[in-house]
Amino acid sequence: MIPLFKIFLYPFCFLFLFQCLGSRRPIVPSYVDPQGSLRDLSLGKKHMVSTGNPLATKAAIKVLEDGGNAIDAAVAALLVLNVTNGEAASFPSVAPTLVYDQKSGQVKSYIGAGTAPKKANIEWFKKQGYDVMPKNSILTQLLPASPDVIVRLLQEHGTKSFSELVSPAITVAEEGFPANRILVKNLDLPLYKRLGFTVIMPYNSEVYLEKKWWYGIREGELTKRQDLAKTWRSMALEESENLKKGKSRNQALESVRDYFYKGPIADAIIKLHSDKGGLFTKEDLAGYVGGWEKPVSGEFGEYKILSNQTWTQGPVVPMVLQLLDGVDLKSMGHNSPEYIHTVSQAIELVVADRERYFGDPKFIDVPVDGLLSKKYATLRRKLLQKDAFGQTPPAGNPWVFSSKKPSIFPFPPNDLKDQEIDEIKYGKDTTYLSIIDSQGNAVSLTPSDFPQSPMVPGTGLTLGIRMTQFRLDPNHPSALVPGKRPRITPNPGMVLKNGKLWMSFGTPGGDVQSQAMVQFFLNVIVFGMDPQKAVEAPRFRSVNWPDSFSPHTYRPGGIELEESLYRTVSDSLTNKGYKVYKKGHLDNDLGSVCAVLNDTKNKRLIGVADPREESWAEGK
């Protein structure tokens, strides 16, 4: 006799199976091998593009071939990435940018990170019972930045309209794109978390799960973002109507920005915050500004490495390379235990300074000139030691080498608690794009943000959780203050050689971004690797400091090694005092570097794309 509970269970199981099988979407071919096969570098004489997705690369190439410049192409690629990589780099969130202008020979930085709303302050969050910024909450949404970035880039350096450049992204969003393995990985949650995600954020689930919490998307399935396409069509229409009224190109572009920050889109965002108890006001959105700034730079031999200022972690890359300049890394052997130990210690010394000093320079005094001083790098270099630090080393005192007066900002205490947190991480990472055009102009841009807080219903807009990179400690340089930017992790890079553009590069990966960029640079410059081989080489990552994202988990003395490195050097590093963690082969948790190099000697451009993700390089 069949137990009664089984009689009721069997129909449910068949129904569940039917729904899962019946909901499968069409499988479409992808541009890249799903196993992340190693790739050839791309060579070109005219222009070169490398981005986090082949569809974005193709869109940028088309813009360049139609007469657009690197800035136009970058906007088109960014918008396509907001579709194909939307779970990792959504519209309209952060987009820190570097631009190389061939005519002036100068690199400019654009501030591509939003600010905290005026209602957001430490006291308010403390009264709500928070010790760190909450995850999966509307309360951690930062004012959106990328619409401002797009408009200002086009007004200052572009040649084409927003309507032209958003068209490829609209097509991809409406007609669909093949889900790649990284999207599948990013959306891979156990059933109970998918159900929880659907209950907590139903519109997010509608966009990413099609309201089917039981359903796991498969690689290659056709995926669409219809609501986002509608939003972009409305923005493009606003521009077109203003052009018809006789407005200039720049005025029409400004109308696109106003439509977002002051018009119907702003209204939809404010309604969400009003309904969900958020902190945004219309005044916050209407008053938001980005802005151009002078980039930060350091030197390694004949190379000048540039980054955004300290509202990102960008200065870590030039600081680490400057600290290592003069160390005989080549004699240690590539990825030998001694090499990994030395580079990791340099990274940890610089990150100790990042934790102590980096923050929004409009709100705190940052001794940037001291941090990037060669004398300071020499002083810090002397702290490299035989064995692992075991915990985050003490910060230095760059004020000695700064023209600014010393800050009285107190040192934040080191929280040495080893933490592991269970949470819903639906979508993660970041993406990247790099472009050099036929005139020699270049763009390096690192867009990011994920649907881990409520999306704006009916719009396809993701406002991200970037306020989780604030601290609720008033003594921390990234302490939450109304109107302030958190110190974000996305950090595009550029390199000049003897004063001329040599490379534009970057990667997704949170705290690993700077580390992956440093390793790629050293692979090429110190070890003379072919750039594509340099991007594919096994990587390591120090985790010997609190994570930049709330709740700032910390694994003192930790280092992660990709599988092949783990097999060969883990014992040696353990003997040096490291806690060694194993990562998979070509694991995108260790970054996915894209780069375009300007090989002036051979009069060619070189594009490389990391097989750890679905990135793609192509040129002509």
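**Helix packing and nonpolar cores in a predicted model**

The axes of helix α14 (residues 316-324) and helix α16 come within 9 Å and cross at roughly 130°. Helices here are DSSP runs of H or I with at least four residues, strands are runs of E with at least two, and both are numbered from the N terminus. Axes are lines fitted to C-alpha atoms, for helices over the stretch in contact, with angles running from 0 to 180 degrees between N-to-C directions. The model is predicted: local features need pLDDT of at least 70, side-chain atom pairs count only at pLDDT 80 or more, and totals for chains, interfaces and linings use all residues. Residues are numbered from 1 along each chain as its sequence is written, and side-chain values use heavy atoms, with hydrogens and water left out.

α14 and α16 are therefore oblique to each other; angles under 35 degrees count as roughly parallel, over 145 as roughly antiparallel, 65 to 115 as roughly perpendicular and the rest as oblique. The contact (heavy atoms within 4.5 Å) joins V316, M319, V320, L323 and L324 of α14 to T342, V343, A346, I347, L349, V350, D353 and R354 of α16. These residues divide into 10 nonpolar, one polar and two charged, where Ala, Val, Leu, Ile, Met, Phe, Trp, Tyr, Cys and Pro count as nonpolar, Asp, Glu, Lys and Arg as charged, and the others, Gly among them, as polar.

Helix α16 (residues 337-357) also packs against helix α19 (residues 512-525), their axes coming within 11 Å and crossing at roughly 130°. That angle makes α16 oblique to α19. In this contact, Y339, V343 and I347 of α16 meet Q515, V518, L522 and N523 of α19. Five of the contact residues are nonpolar, two are polar and none is charged.

The largest nonpolar core has 88 residues, of which F162, W232 and L480 touch the most other members. A nonpolar core is a set of buried Ala, Val, Leu, Ile, Met, Phe, Trp, Tyr and Cys residues joined through side-chain atoms within 4.5 Å. Helix α3 (residues 70-84) supplies the largest share of this core, 12 residues. A second, separate core of 59 residues includes V320, L371, I559 and L573.

N491 lies in the loop between β11 (442-445) and β12 (493-497). This residue is buried, with a relative accessible area of 1%; buried means under 20% relative accessible area, exposed over 50% and partly exposed in between (1.4 Å probe, protein chains only). Leaving aside residues up to four places away in sequence, N491 touches T312, Q313, G314, V317, T446, Q513, S514 and M517.
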